[in-house]
Amino acid sequence: MRKYQKNLIVSEVEHLSEKYVLLKLTDNEPLPEIHPGQFVEVLTPNSKTLLRRPISVNYVDRDNNKLWLLIAMIGDGTKAIGSLRPGDLLNLVFPLGNGFSPVQKVGEEVLLVGGGVGIAPLLEYGKYLKENGAKPSFLLGARTAADLLLIDKFESIAKVYITTEDASAGEKGFVTQHSVLQKKNFDRISVCGPKPMMMAIAGYAKQANIPCEVSLENMMACGLGACLCCVEKTVKGNVCVCTEGPVFNINDLTWQI
Amino acid sequence: MADINVNIAGIQMKTPVMTASGTFGYGLEYADLVNLEDIGAIIVKGTTFNARQGNDYPRMAETPSGMLNCVGLQNKGVKYFCKHIYPKIKDLKTNMLVNVSGSAPEDYAQCAEQINELEHIPAIELNISCPNVKQGGMAFGVTTTGAASVVKAVRAVYHKPIIVKLSPNVTSIADIARAVQDEGADALSCINTLMGMSIDIERRRPRLSISTGGLSGPAVKPVAVRCVWQVAQAVKIPIVGLGGISSAEDAIEFMMAGASAVQVGTANFINPAISVKISQGINDWLDNHGYRSVQEIVGAIL
């Protein structure tokens, strides 16, 4: 899959909360092919940070030729990205990584589990699954109702199950405690979020004998498989998350679950 | 258009700008993003006689104007390189050099001996300065006798140009440079990373899995320029300067200090096409300043 370095145009900036910004980027040419679960390396528009920031693709709006990035403003790099305004340019190297699995069989029930900013790539994946004959559902976890992002977008694609730690929305607790996991049989599960959450879901999936893949977010530099900084231990040894991942089948990892 | 062709120890290059080992993979990783033919030489990832898994994650930490890494020479070994990687890179229209590393003079030599057989690898870079492996690597590069012993062992079995990559983590880099020149090194790369450390104060632990790592990026540039300048006064063989180069002006600074060519490392992560941009920038700078050849600025301040 061909990679590009391009300056995309910031066309819309939506501040979802104090911490989260949704950037909608566009280009004069049609955006290249991007698989759900792939990511972009963003050049931070300030001088405090040196390296690019890997950000997962949240959504590709082909009708309007827009690429959405959901940014959690945590450090200097992501804060600088989040402070962009419409009309600014943002330099991207993309698309990178492998992405989530394609549809395995028509009608398959796929549960997409996300927490925090990890929900980002699931929106695009859910859209893809629905358009290609699978039946996605979302299970999204957050601390409180205020931390739930883009819920209307998720609901426009598929059924959304929610947990919050303070019961302000959906069921109380963590995603692993949601009743849907007991009530419904899913054909497979894809997860993106904090590592403890991914490990908990991976543990559940393994016990329930449900195929499961997780999207990792190891710190990386090049994003191209050159620097070997972002490695994850797998059954094949250390491999780059940026090229062999970010999506891994849990059976290929060496997690103690 | 100024003439920016250079010849380093017999390696003919159409630009003095090379890419540094460990920052550019095997070149192929960057093929969509930069025209590889426009790079003077690509020095591929550090290669050892036996395969190495490298260090545990985390291997990288961003620091002010720089980054630390402790990759630890992860590679599949020289046999794998010769059989599976060399066929894919041998026809690239640039100089493909292999960075050779080891943990004893013998395994440096065994590795170099196999690369000696590869027709389309015109030279090796000998890494006696990796700070991230417990035995070897930098251990050889920090003493004159250690450095000399590796070069001697490799010189006996490797019959093409040897570029020796020096460590800045020494008391006198000029002494090391002289020692490896005396053993038959054809050129020197100055410098490898500086040993550094960073601590996550909230978690009360080092950011890197093995605590320390090699610092690279703009932060190290003044140290690297100083090393090139000192080495240039100590040896007659050509010097390839590297350490934090991210613009044509940076490259010219190294060349004025005595480098005949330069390598771009960490900057490849920020702009995958930076090496070619730097070549163009050197050309423009020479034109604007009335130089006909890049040779005219090499060692200009010496």
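**Entry 1: contacts along chain B**

I started with contacts in chain B between residues at least 6 apart in sequence. Of these, 72% join residues at least 24 apart. I note that this is a predicted model.

**Entry 2: the fold of chain B**

Next I listed the secondary structure. Chain B has nine helices and 16 strands. I then looked up its extent. The C-alpha trace spans about 50 × 50 × 40 Å along the principal axes.

Does the radius of gyration of chain B agree or disagree with that of a compact globule? I found that it agrees, because 302 residues would give a compact globule a value near 19 Å, and chain B has 18 Å. I also checked burial. In chain B, 63% of the 302 residues count as buried.

**Entry 3: where chain A meets chain B**

I turned to the interface. Chain A puts 28 residues into the contact, and chain B puts in 31 residues. The buried area between the two chains is about 2500 Å². Carbon and sulfur atoms give 58% of that area.

**Entry 4: pairs across the interface**

How many salt bridges did I find between chain A and chain B? The count is three. I looked up the one between R53(A) and E62(B), where the side chains meet at 2.6 Å, N to O.

**Entry 5: the chain A side**

I asked which elements of chain A give two or more residues to the side that touches chain B. They are β1 (4-15), β13 (231-234) and β14 (237-240). Last, I sorted this side by class. It has 17 nonpolar, six polar and five charged residues.

Key:
Residues numbered from 1 in each chain as written. Chains lettered and ligands numbered in written order. Predicted model: local features only at pLDDT ≥ 70, side-chain atom pairs only at ≥ 80, totals over all residues. Heavy atoms only, no water. Contact = heavy atoms within 4.5 Å. Buried area = accessible area lost by both parts, 1.4 Å probe. Salt bridge = Lys/Arg side-chain N within 4 Å of Asp/Glu carboxyl O. Helix = DSSP H or I, 4+ residues; strand = E, 2+ residues; numbered from the N terminus. Nonpolar A, V, L, I, M, F, W, Y, C, P; charged D, E, K, R; others polar. Rg over C-alpha atoms; globule rule 2.2 N^0.38 Å. Buried < 20%, exposed > 50% of the residue type's maximum accessible area, 1.4 Å probe, protein only.
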